[in-house]
Amino acid sequence: MPLCDKCGSGIVGAVVKARDKYRHPECFVCADCNLNLKQKGYFFIEGELYCETHARARTKPPEGYDTVTLYPKA
């Protein structure tokens with residue numbers, strides 16, 4: 001039984017896998033605002049999951065450059 005990376009409890013039933021981490025569907029949220037990331041896209045920064053808004057706030061491009069979001073092709 002996998003353990004949830006966010007709450008530490010065992011996961012029975014539906015599970016979300018992001019990279020090598022497992023979470024309950026209700027624990028698959030942004031570390032800053034608790035927005036559920038299901039079908040929203042997510043970003044890993046220093047081992048934490050973030051929505052696009054908070055990921056952008058945590059990362060700043062070098063001066064003179066803009067941040068551009070790239071989505072992988074399915």
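Contact here means heavy atoms within 4.5 Å, and by that rule Ala-18 touches Phe-28, Tyr-42 and Phe-44, leaving aside residues up to four places away in sequence. This is a predicted model, in which local features need pLDDT of at least 70, side-chain atom pairs count only at pLDDT 80 or more, and totals for chains, interfaces and linings use all residues. Residues are numbered from 1 along each chain as its sequence is written, and side-chain values use heavy atoms, with hydrogens and water left out. Welcome to a short tour, grouped by topic.

**Annotated span**

- An unreviewed UniProt entry places the feature "domain: LIM zinc-binding" at residues 2–61; UniProt positions follow the numbering used here, feature names are shortened, and annotations may be inferred rather than shown by experiment.
- The end C-alpha atoms of residues 2–61 lie 36 Å apart, and the span is 12% helix and 20% strand.
- Helices (H or I, at least four residues) and strands (E, at least two) are DSSP runs, numbered from the N terminus.

**Nonpolar core**

- A nonpolar core is a set of buried Ala, Val, Leu, Ile, Met, Phe, Trp, Tyr and Cys residues joined through side-chain atoms within 4.5 Å.
- Burial is judged by relative accessible area: buried is under 20%, exposed is over 50%, and partly exposed is in between (1.4 Å probe, protein chains only).
- The largest such core has ten residues, namely Ala-18, Phe-28, Cys-30, Leu-37, Phe-44, Ile-45, Leu-49, Tyr-50, Cys-51 and Ala-55.
- Two strands, E3 (43–45) and E4 (48–50), each supply at least two residues of this core.
- In soluble globular proteins, nonpolar side chains tend to be buried together.

- Rings of Phe, Tyr and Trp (its six-membered ring) pair if their centres lie within 6.5 Å; planes under 30 degrees apart count as stacked, over 60 as edge-to-face and the rest as tilted.
- Searching the whole structure turns up two aromatic pairs.
- One of them joins Phe-28 and Tyr-42 edge-to-face, at 5.2 Å centre to centre and 75° between the planes.
- Phe-28 and Tyr-42 both lie in the loop between E2 and E3, so their pair ties together parts that are 14 residues apart in sequence.
- Phe-28 counts as buried because its relative accessibility is 6%, whereas Tyr-42 is partly exposed, with a relative accessible area of 34%.
- Tyr-42 and Phe-44 also form an edge-to-face pair, with 6.0 Å centre to centre and 85° between the planes.
- Phe-44 counts as buried at 18% relative accessibility.

- Arg-23 is found in strand E2 and, at 5% relative accessibility, counts as buried.
- The side chains of Arg-23 and Asp-5 are joined by a polar contact of 3.3 Å; such a contact is a pair of N or O atoms within 3.5 Å where, within protein, one must be able to donate a hydrogen and the other to accept it, and residues adjacent in sequence count only if both atoms are side-chain atoms.
- Glu-48 touches Arg-23, Ala-31 and Phe-43, not counting residues up to four places away in sequence.
- Glu-48 and Asp-32 are 16 residues apart in sequence and 9.6 Å apart in space, C-alpha to C-alpha.

**Positive phi values**

- Asn-34, found in the loop between strand E2 (21–23) and E3, has a phi near 65°, a positive value in a residue other than glycine.
- Glu-46 lies in the loop between E3 and E4 and has a positive phi of about 50° although it is not a glycine.
- At 81% relative accessibility, Glu-46 counts as exposed.

**Cysteines**

- With a disulfide taken as a pair of cysteine sulfur atoms within 2.5 Å, the count comes to zero disulfides.
- Cys-27 is in no disulfide, and the nearest cysteine sulfur, that of Cys-4, is 3.8 Å away.
- Cys-27 counts as buried at 10% relative accessibility.
- Cys-51 is likewise in no disulfide, with the nearest cysteine sulfur, that of Cys-30, 3.8 Å away.
- Cys-51 counts as buried at 6% relative accessibility.
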